[in-house]
Amino acid sequence: MNWTQLLESEAQAVYGATEGLMDLVDADQLAWKPETGEWMNTAELLRHLTNACGWCCERFVSDTWQAVMDGTAPSPGTTVESVEEAKKLLAEDKALTLRLIADAGEQALTEKVVPAPWDPTLRPLGQHMLAMIQHLAQHKGQLFYYLKLQGKPVTTWTLYGIPEPPSP
């Protein structure tokens, strides 16, 4: 398997499961967040899910993280008004991610090395893009637990976007 196949496969799975979890969010729960600690509310988390991967991958591909760090590049929004808006933005981010993987090509994914703003170590572009897919997966897990804490009937199957097996 090469970088392109790995990244496309992982992105399809994570975005699909994330959309499935978004389908379970109730419109009247957008302001909800865990009672203790510093957490995003549900609307903020939904917005973060829509730019946790593609937006970041675009910074790596174009090598424009410095503009973000300097405050000269636009930053993504911080909240959504509805689940429908979140799903639309997630679909756009998925399309961006898949386009960036295809446009970068196998050679750049393997050979182009770039740092991240949080770690100056040079790593292959493919490795950074995989990390951003994992970033989305991490926050997908956060949404899963938000739903669980709200009493939604979510299971491991739901987390991974896999249909529940039939009961025996």
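This is a predicted model: local features need pLDDT of at least 70, side-chain atom pairs count only at pLDDT 80 or more; totals for chains, interfaces and linings use all residues.
Let's begin with the strands. β1 covers residues 113-116 and β2 covers 119-124, and they pair antiparallel over 3 bridges. A hairpin of 2 residues takes you from β1 to β2. If you want a spot to look at, find A116, which is opposite D119 in β2.

Now the rings. How many aromatic pairs does a search of the whole structure find? It finds 4. Take W39 and Y146: their ring centres are 6.4 Å apart and the planes sit at 75°, so we call that pair edge-to-face. W39 is in the loop between α1 and α2, while Y146 is in helix α6, so the pair ties together parts that are 107 residues apart in sequence. Are these two buried or exposed? W39 has 40% relative accessibility, so it counts as partly exposed, and Y146, at 2%, counts as buried.

Next up, F60 and W118. They're edge-to-face too, with 6.0 Å between centres and 90° between planes. This pair links distant parts of the chain, 58 residues apart: F60 is in helix α3, and W118 is in the loop between β1 and β2. So that's our hairpin again. F60 is buried at 1% relative accessible area, but W118 is exposed at 55%.

R59 lies over the face of W55, 4.6 Å from the ring centre. And K140 has its charged end over the ring of Y160, at 4.8 Å from the centre. Thanks, that's me done!

Conventions: Residues are numbered from 1 along each chain as its sequence is written. Side-chain values use heavy atoms; hydrogens and water are left out. Two strands pair if DSSP finds at least two bridges between them. Helices (H or I, at least four residues) and strands (E, at least two) are DSSP runs, numbered from the N terminus. Rings of Phe, Tyr and Trp (its six-membered ring) pair if their centres lie within 6.5 Å; planes under 30 degrees apart count as stacked, over 60 as edge-to-face and the rest as tilted. Buried means under 20% relative accessible area, exposed over 50%, partly exposed in between (1.4 Å probe, protein chains only). A charge sits over a ring if NZ of Lys or CZ of Arg is within 6 Å of the ring centre and within 35 degrees of the ring normal.
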